[in-house]
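I open this notebook to record what I looked up in the structure. The entries follow in the order in which I made them.

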Amino acid sequence: MELSIVFPAYNEEKRISKVLENYFSFFSSKLKNSFEIIIVPNNCKDKTFEISKEFSRDKENVFVENIPYYVGKGGAVMRGFEMARGNFVGFVDADKSTSPEEFLKIYVNSMGFHGAIGSRKIKGSKVVPKRVFSKRISSAFFSLVVKFLLDLKYKDTQCGAKVFRKDVAKFLSEKIHEKGWIFDIDILNVCKKNNLNIKEIPITWVDDEGSHISSIDGVKSILRLFRYRFSKYPK
């Protein structure tokens with residue numbers, strides 16, 4: 001098994017079917033049977049689990065792990081990491097923001113490193129359509145806060161597409177405890193503290209209007225980031 005792809009999913013009944021079909025078809029052509037897809041619906045109030053289960057029914061390398069209570073995106077990804085069998089293990093948002101072609105780029109570039117992360121903010125990257133000014137400002141402000149508090153070198157910590165070596169993924173599944181939207185920062189901070197070499201890869205990102213992240217979520221994430229820095233981080 002070369003690659004495990006984890007899809008954390010929260011109320012994605014309108015989008016997940018096509019995304020799974022695209023990923024399965026694309027990676028079947030590229031990796032044959034040496035990849036697996038792990039779908040982790042979490043606390044869903046719609047038919048995300050049923051749609052995912054039906055998709056997996058006739059596929060030996062597609063698995064569904066339903067978590068009916070809240071564990072957050074972070075908890076869903078880490079559960080997928082625990083289950084993964086691939087030499088490389090990654091996760092991607094269950095929407096159409098990262099195409100399978102772009103995820104393949106991250107996977108290929110992770111070889112020779114402990115892992116690789118997609119980026120929307122370095123040279124060669126592209127966001128389609130171009131983000132509105134307010135989103136660009138809020139994103140830039142969040143990046144400044146992350147840089148100030150944790151001194152992470154990455155331009156884009158929040159891109160929902162990351163790939164790691166199997167041993168790193170298993171290590172992270174034991175160490176990561178953040179459940180909400182800053183779990184990506186927890187991942188990269190743990191990698192930094194353990195001197196892991198993570199490469200940042202420019203990708204083309206389709207900015208989806210159906211995002212579950214609200215302005216309130218953004219404010220809560222910043223507050224949570226301060227708590228993370230001054231409580232958990234020093235330990």
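I looked up E178 and found a relative accessibility of 6%, so E178 counts as buried (under 20% relative accessible area; exposed is over 50%, partly exposed in between; 1.4 Å probe, protein chains only). The model is predicted: local features need pLDDT of at least 70, side-chain atom pairs count only at pLDDT 80 or more, and totals for chains, interfaces and linings use all residues. Residues are numbered from 1 along each chain as its sequence is written, and side-chain values use heavy atoms, without hydrogens and water.

I then looked for the partner of E178. Its side chain meets that of R224 in a salt bridge, 2.7 Å from N to O (a side-chain nitrogen of Lys or Arg within 4 Å of a carboxyl oxygen of Asp or Glu). R224 lies in helix α8 (residues 215-232) and E178 in the loop between α6 (166-175) and α7 (183-193), 46 residues apart; helices are DSSP runs of H or I, at least four residues, and strands are runs of E, at least two, numbered from the N terminus. R224 is partly exposed, at 29% relative accessibility.

I next noted the salt bridge of D93 with K73, at 2.6 Å from N to O. D93 is in the loop between β4 (88-92) and α4 (100-110) and K73 in helix α3 (residues 72-83), so the pair ties together parts 20 residues apart in sequence. D93 is buried at 16%, and K73 is buried at 15%.

I count 13 salt bridges by this rule. For the whole protein, I recorded eight helices and nine strands.
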